[in-house]
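Subject: Structure handover

Hi,

Here is the structure I promised to pass on to you. My notes on what turned up in it follow below.

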Amino acid sequence: MCRTYRLQICILVLFSSVSAKQMTDIEALASTPTRCTYEYAYDMYGAHCGGLRLNKIPSLRAGIEILDFSDNKLQEIHDDTLSSYTSIKFLYLSENQIYSIDENAFYYLTNLQTLDLSKNVILTLPESIFHLPTLRNLYLHGNPLLHIRLSNLQLTKPLKAPLELLDLSECKLKALPDWGILPQLLLYNISHNPLTSLEAQHFSSMCKLSKVDLTESIDSLQLCDMRSTISWFQLKNIYFQLADYTRLNSREFEHCTKEELPDNLNKTYHQCQNQYTQAQIIKSSRRTWLTIGGGLAGFLVGFVLFLYVMHRHNVAQTKKLDKETKKIPPDGDKQASTVLLNDVA
């Protein structure tokens, strides 16, 4: 009886410990991380700090190429906030509380290709962002106060950033900023903005544009005021996205006066094409010089190795000859020995 009771107690204790361990494991799985984690993605070294509710970027490891700091409480980005991470190529700062960005906050990020500042409350947008030498993708979606800054933004043109994607959706824009010529822009998202005008001239400076998202941005515009812009899109095979195309298929739109497109549209378009061609030539030249430089460097390294191998071979041959020479007596000694033997005889 006593043994049975003890056995029941042991089983109960064992079951309780197993249950406690299971609960601990479940709690561990459900708990959120409290510090940044590091991992490789697409052969790049990245730091993941998303969702930690941090109010500043902590000290991170050197050499990171991806930084995910989304869903935190960052409010300001100063000139020195990111100055230690010059290797960053992809920077995600969406869903923070950013309202202020210093003019040179991204100055050191010369390798930056993608910058995501979506869903913040940005008041000041530094011009330097648009002159980052490798920036291709810029996301500014969901910054409801950004229109205050963009409406008065004076940019130095041409922009140096080779932008291919620009997202300005849900920024309460009434007028589109003057970007100047954007020769490499492919995707332009200006949806969910209360636009009061849509000028064809704005898009003629984007000669590689393939898609414009206008969803819920032109609903309040007069149909005939958009006629020239829609004609430009159709002429240049630019896909424009709308939530509803019914208005454009109406008789009202068909009866709008068809005006010839102004000459300045084509002029701006050709200027954009020229800039694009020049950029491609420069890019091709750089690749060519890098190839030539790499080839010359490889040749020089190979030549130096060849000289080193030949030098080592010559040294080895010289040492070998020296050893053999020491083993063989000189001819003069042989003749002297012969003379001495003859004299003795």
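Let me start with E65, which is buried, with a relative accessible area of 19%. For that label, buried means under 20% relative accessible area, exposed over 50%, and partly exposed in between, with a 1.4 Å probe and protein chains only. E65 sits in the loop between β2 and β3. Leaving aside residues up to four places away in sequence, E65 touches D43, M44, Y45, S87, I88, K89 and F90; a contact here is heavy atoms within 4.5 Å.

A word on provenance: this is a predicted model, where local features need pLDDT of at least 70 and side-chain atom pairs count only at pLDDT 80 or more, while totals for chains, interfaces and linings use all residues. Residues are numbered from 1 along each chain as its sequence is written, and side-chain values use heavy atoms, with hydrogens and water left out.

**Overall picture**

The protein has seven helices and 12 strands. These are DSSP runs numbered from the N terminus, helices being H or I with at least four residues and strands E with at least two. Of the 345 residues, 35% count as buried. The accessible surface comes to about 22000 Å², and 56% of that belongs to carbon and sulfur atoms; the areas come from the Shrake-Rupley method with a 1.4 Å probe, and for residues only the protein chains shown count as cover. Among contacts between residues at least 6 apart in sequence, 52% join residues at least 24 apart.

**The sheet**

Ten strands form an open sheet with mixed pairing, in the order β1-β2-β3-β5-β7-β8-β9-β10-β11-β12. Two strands pair if DSSP finds at least two bridges between them. β1 (37-41) and β12 (239-241) stand at the edges with a single partner strand each, so one side of each has no neighbour in the sheet. On average, neighbouring strands of this sheet are turned by 10 degrees against each other, direction ignored. Inside the sheet, β3 (residues 66-68) and β5 (residues 90-92) pair in the parallel sense over three bridges, and L67 has L91 in β5 as its bridge partner.

In helix α4 (residues 227-235), the buried residues are R227, T229, I230, W232 and F233. N237, in the loop between α4 and β12, has a positive phi of about 55 degrees although it is not a glycine. N237 is exposed, with a relative accessible area of 67%. E216, in the loop between β11 (211-213) and α4, also has a positive phi, near 55 degrees. E216 is partly exposed, at a relative accessible area of 48%.

Which peptide bond is cis? The one from K157 to P158, with omega near 5 degrees. P158 lies in the loop between α2 (146-150) and β9 (165-167).

Best wishes

Definitions and conventions
Axes are lines fitted to C-alpha atoms, for helices over the stretch in contact, and angles run from 0 to 180 degrees between N-to-C directions.
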